[in-house]
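Open the structure in your viewer and get ready to select residues.

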Amino acid sequence: MITLLLTLLAWFPVTALAEVHAMGEAPSGAGKRTAPLTIEEVLARIELTHPLLRASGLERAQARAKVLKALGAWEPRLRNEVEVDRYQTWNLTNIQGVPNTLTTGYSDTMLKVGHPYGFEVLGGLRHGFGDRASIASSGAILRSPVGGPVGFPEDLELFYPHQMAIFGGRFNLLRGFMMNDEFAEFQQAELAGPLAEVKVAQTRQDLFLAGAIQYWDWQLAVKQADVQKQALRVAEDRLVFIEKQAQAGLVSPLDVVEAGQEVQRRREAAIAAQRKVEYEQYKLSLFLWDRGEPITPLPEWAPEFGGETPLPTEDEIVEAKISAKEERPEVRKLAIEVQMNNIDLKLAKNKLLPKLTLEGERSVGGIYWIGGFGYRVGTLLSMPLFNREARGKVAHAEAEQERLVYELWNVEQKVGLDVDNWVSAIVRARDRVRAAKEAYHLAQTLLAGELKRFEMGITSLLFVNLRERNAVEAAYELYQAQYDYDLARGGLLWAKGALSKPVPESVLAKYGDPATAAGSAGRKLQGRD
């Protein structure tokens, strides 16, 4: 009966559920949960609560701030200018020959509006005041109480003779037309939004990949620790059995020493395996957050490794490569950098043109107001003789563009090879799992035969221990192969860019509120500017 018990313990399947681990008290955030922890839940909790993903989401708010800052270059500006001048009429036109010292002035209130294409317009009102006469639009001479006898013309009269409309503008006809420093900054600021989404996707991909690998590390550590615990229990039971046989004089006392040494060896291995479980579970807790605190998973939460799945077909591999070139953050980031540099290149080429500006507006100064010359129009033409600065910027932007194109081409090839690499890893890991399963079954068969021989007295305890160690090693290798198989399948998801996408809301709703997910941090709320 005792031999049968030992045989059953040795044949205890590797795929059994993990033993409940007595830890005194449950780790923080563990609660009374008994359901297995799945990879789906790990990724969902990262999407819902991980602080690094929430911090990365603030890139979106910063991108909107860049757009607002760039729009400030054409911000409508309300401006008021007041000027007061003292003058004598003999310096202008003095018919009577008697100089008069008079005061005149005006108050301009205007609105200036710029446009990204490189022009600015203004419009507003001018209110005149002072000691002088004026000619109304009807031709009548209107005199102030102490005004001189000479009037001056007013145009664009509004509600009364001393009020007129003013307008003006400034236009870049060559350099700065449809492409200028401010417009280039605005176009690059608009690309900051897509670039922020790429950065969030990159953070999500890194966290999902790291969290998944850590999850499988923890799962592997728990399963291998269970194997060591089972082997320890078998050795302890055998030690009790042999001690009783030694007391009855049926076996040598050296067999008791041999059995005791094996118990200590396996106890040491079980302690080391338990330490690894605790190490991996604390690392995994950094990816599991609840109410602002990490959740430390318990060993009994570890599920079994998944079974074998169909290999990707040729069409699925082609689709995965296309998806990788479209979805991987590394490719998307470089594509946006190419667009940004293209804006710099256009700006640099625009600066090769001469600067030709047409401008016109109301004249500033009391003498123009009094004399009747209210507006001025002019052109400005300038260009450096050798234009070294502009040619240098063009050469630099062209070289940068070529460098980015080469780098983009390299990354596109790399992500395609990543898909091939992980497909190969899936195939080889599947073959390893099959071979490891066969090796494990053979090890169990050898162990059962050695136990039978030991019962018949034709072998020693040493060979039994060696067979059991071989069975433990085979179980370790099987779990390692299953770990590599799951890792390879996750690697294919990473290679084709699937890990950069958020977890569906239908899945998030199982573990939290999708509306407050960390992955949506920094998004523009409805109703906000």
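The stops below go through ring pairs, then charges over rings.

Keep in mind that this model is predicted. A search of the whole structure finds seven aromatic pairs. A pair of aromatic rings is described by the distance of the centres and the angle of the planes.

**Stop 1.** Select Tyr117 and Phe183. Their ring centres are 6.0 Å apart and the planes meet at 65°, so this pair is edge-to-face, a label for angles over 60 degrees. Tyr117 is in the loop between strand S2 (101–115) and strand S3 (119–130), while Phe183 is in helix H4 (residues 181–247), so the pair ties together parts that are 66 residues apart in sequence. Buried or exposed? Phe183 counts as buried, at 12% relative accessibility. Tyr117 has 35% and counts as partly exposed.

**Stop 2.** Ring pairs link Trp74, Tyr117, Phe183 and Phe186 into a cluster.

**Stop 3.** Move on to Phe305 and Tyr479. The ring centres lie 6.1 Å apart with planes at 40°, so the pair is tilted. This pair links distant parts of the chain, 174 residues apart. Look for Phe305 in the loop between strand S8 (293–294) and helix H6 (314–327), and for Tyr479 in helix H10 (residues 461–495). Phe305 is buried, with a relative accessible area of 9%. Tyr479 is buried too, at 2%.

**Stop 4.** Select Arg126 and Tyr106. Arg126 lies over the face of Tyr106, 4.0 Å from the ring centre.

**Stop 5.** Finish with Arg328 and Trp494. Here Arg328 lies over the face of Trp494, at 4.2 Å from the ring centre.

Technical notes: Residues numbered from 1 in each chain as written. Predicted model: local features only at pLDDT ≥ 70, side-chain atom pairs only at ≥ 80, totals over all residues. Heavy atoms only, no water. Phe/Tyr/Trp six-rings, centres within 6.5 Å; stacked < 30°, edge-to-face > 60°. Helix = DSSP H or I, 4+ residues; strand = E, 2+ residues; numbered from the N terminus. Buried < 20%, exposed > 50% of the residue type's maximum accessible area, 1.4 Å probe, protein only. Lys NZ or Arg CZ within 6 Å of the ring centre and 35° of its normal.
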